[in-house]
Amino acid sequence: MMKLFITLYLVSFSLFSFSQEKGIASRLIPLPVSLEEKDGDFTLSENTKIIYTSDDAGVKRVADFLSDDLKNTGFNIATAKGDSKPANAIVFSLANDSKLGNEGYHLSVTPGGVSVMANKPAGLFYGMQTFLQLLPKEIESVDKVKDVAWKASACEITDYPRFGWRGLMFDVSRHFFGKEDVKRFIDDMVKYKYNLLHMHLTDDEGWRIEIKGMPKLTEVGAWNVKRVGYFGTFDKPGKDEAKDYGGFYTQEDIKEIVKYAGDRFVDVLPEIDVPGHSLAAVVSYPELSCTAGADQYQVRSGEVIMDWSHGHPPIALLDNTLCPANPKVYEFLDKVMTQVAELFPFEYIHVGGDETPKNYWEKSPEVAALMKKEKLKTMDEVQSYFEKRLEKIVESKGKKFMGWDEILQGGLGPNAAVMSWRGMKGGIEAAKLKHDVVMTPTDFVYLDYMQGDAAIEPRIYANLTLKKTYSFEPVPDGIDSKYILGGQGNLWTEQIYTFRHAQYMIWPRAFAISEVLWSPKDKRDWNNFFPRVEKQFSRLDEAQTKYAPSVYEPIFTISKSGADQVKVELETEPKGIDIHYTVDNTFPDNFSPTYTAPFVMPKEAAMLKVITYQGDKQVGRLIIIPMSDLKSRAGIK
């Protein structure tokens, strides 16, 4: 009996070790629905072929994409149509499996070849992304790589998404990003099975889309005065300062972006943000305003234009709204929506509706007359009147109407879809009213928020860690899931001046959103997820994609000890991270004191310096917090 026990133990141990060593799942984000590991590996070689078995143009396109992605192996792997399954081939074929839906796939990797099957080309594309993640990290290199064994472990995968709406929003208004940046944004997101790009095209800082017949929108509205520093603190631009910072997309640019996205099975959701956030439009055409003197306004460059001290909505210091009582506004919006609808084939147009200040409306005789005529009792009802008229305009173009959750206030239009950003409350309310909802709450998916401590991150008013993002659940308890289309992460760019910094803010938190929106809910496990994130970091390094290491850095809890001393508590989200610190002005390393418990700063200390290690490797950046800042955080004057 003892011999049998030992034998079974050794067998089970060897199987466990083999599974751990092979660890296919440890390479994948998002996790697939079903994965079975097999013996052996498939090895790419100069004799490998890529075969597609359908005349569908989308299937050929996926095969061509894979051929292009494999070029840095040094092998020129051509594509060809065929019905057979020759040895040493990667074969794409269409199937008829109701379980897979429109985006699911079967991926089979054997030593003899690879098969990807799906009902639609989109599913083949996502199967291809999974296959690429099975290859060594060097497949992501921007250059050709030598001396790599291009192996993919044998496995059987069946996979399909939990949600149909898996998006990232890119604010190209606050700071303009050209079409090549947008294409790179798309390239990065599709690797993790995102299928929707939300482009925030208009705001107070810039109008970014050409509208024929309204040239001032881009001649005037697309340009402001360049400022650097902390957005929202800048001086008001002088009248004579050069307004040469910005840009816009021509209609040909938009067509190019939409096609590029569509070829990669990404829909593009355009957003024209009205009636608030419309300063660029008002500066271009002051007659769209309710307010006299709007012809003296300038496109915002980051100066203060709102008073937020009274909460939401803000009090406007100048009128950045379109006038809901002005017939010209609806003529303007009809022209805009006509062209936007023609340029973007996606079924929805997003019309904003958020953060609309109403203090100028309250002073407007035209708005007062409108309220009397339409029997409107509140300013929220005035905005609701505007939204319902705009909904009819959007629907007249053959599109569906979507807005931020403020469009619920004063009464929701009959067919409106809601994007819930102020937490989940608006989405819950809309779903209960049987309206479609996209969940994008600030406290889980706002990618402009700081990822680590304010001592080292570009400053903004809130913090969002990777672990918190990973805890996002788009379907609230008690809500019918059929009304939850899915979710998305939002990248607002007030503080984002370059595309490299945009990448830094997106990754790794977009890994978390990807898995939340694609993978089964019951597979979600932080302790399993973070090691997979670390594997992806090495792939991002190969691709020269910037990302934030903030997850390795400590979370600081600063409080008062006694009357005037500072107590410091530190923790990290991942396990296995050592925190080292100094209070004597020296630079810490892995020989410095290791944090084990909360401590009190010496009264005479000038600063706290902290660094983190994983084993002998430094993984976090040096963080320095002066004593004055520590006291401020602790509430010590």
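**Entry 1: a loop residue**

Is Asp83 buried or exposed? I found Asp83 exposed, with a relative accessible area of 66%. My classes are buried for under 20% relative accessible area, exposed for over 50% and partly exposed in between, with a 1.4 Å probe and protein chains only. Asp83 sits in the loop between strand 3 and strand 4 (89–94). I also checked Asp83 against Phe125: their C-alpha atoms are separated by 19 Å, and the two residues are 42 apart along the chain.

Two reminders to myself on the source. This is a predicted model, where local features need pLDDT of at least 70 and side-chain atom pairs count only at pLDDT 80 or more, while totals for chains, interfaces and linings use all residues. Residues are numbered from 1 along each chain as its sequence is written, and side-chain values use heavy atoms, with hydrogens and water left out.

**Entry 2: the open sheet**

I looked up the strand order next. Strands (E, at least two residues) and helices (H or I, at least four) are DSSP runs numbered from the N terminus, and two strands pair if DSSP finds at least two bridges between them. The open sheet has 7 strands in the order 1-7-5-6-4-2-3, with mixed pairing. Strand 1 (34–43) and strand 3 (79–81) are at the edges with a single partner strand each, so one side of each has no neighbour in the sheet. On average, neighbouring strands of this sheet are turned by 20° against each other, direction ignored. For such angles, axes are lines fitted to C-alpha atoms (for helices over the stretch in contact), and the angles run from 0 to 180 degrees between N-to-C directions.

I picked one pair to follow. Strand 5 (residues 105–110) and strand 6 (residues 113–118) are antiparallel and share 5 bridges. Here His106 has Met117 of strand 6 as its bridge partner.

I then traced a closed barrel of 8 strands, 8-9-14-17-18-19-20-21, with parallel pairing. Its neighbouring strands are turned by 30° against each other on average, direction ignored. Strand 19 (residues 417–420) and strand 20 (residues 437–439) run parallel and are joined by 3 bridges. Met419 stands opposite Val438 in strand 20.

**Entry 3: salt bridges**

How many salt bridges are there? I get 36, counting a side-chain nitrogen of Lys or Arg within 4 Å of a carboxyl oxygen of Asp or Glu.

Asp203 and Arg174 form one of them, at 3.4 Å from N to O. Asp203 is in strand 10 (residues 202–203) and Arg174 in the loop between strand 8 (165–171) and helix 4, so the pair ties together parts that are 29 residues apart in sequence. Asp203 is buried at 2% relative accessibility, and Arg174 is buried at 8%.

Arg264 and Asp187 form another, at 3.6 Å from N to O. This pair links distant parts of the chain, 77 residues apart: Arg264 is in the loop between helix 6 (251–263) and strand 14 (267–274), and Asp187 is in helix 4. Arg264 is buried at 13%, whereas Asp187 is partly exposed at 25%.

Glu252 and Lys255 meet at 3.3 Å, N to O. Both lie in helix 6, 3 residues apart, about one turn of the helix. Glu252 is exposed at 53% and Lys255 partly exposed at 43%.

I also noted a network in which salt bridges with shared partners join Asp171, Arg174, Asp203, Glu205, Arg300 and Glu494.

**Entry 4: pockets**

Which residues lie nearest the centre of the largest pocket? They are Phe231, Arg300, Trp308, Tyr461 and Glu494, out of 28 lining residues. A pocket here is an open set of points on a 1 Å grid over the protein atoms alone, where a 1.4 Å probe fits and protein lies on both sides within 12 Å along at least five of seven lines; lining residues have an atom within 4 Å of a point. The volume is about 740 Å³, taken as the space filled by probe spheres set on the points, with grid points joined across faces, edges and corners. The lining has 13 nonpolar, 6 polar and 9 charged residues. Ala, Val, Leu, Ile, Met, Phe, Trp, Tyr, Cys and Pro count as nonpolar, Asp, Glu, Lys and Arg as charged, and the others, Gly among them, as polar.

The second largest pocket comes to about 610 Å³. Of its 22 lining residues, Asp68, Asp69, Glu140, Asp187 and Lys191 lie nearest the centre. Helix 2 (57–69), helix 3 (121–134) and helix 4 (179–190) each supply at least two lining residues. I logged this lining as 9 nonpolar, 3 polar and 10 charged.
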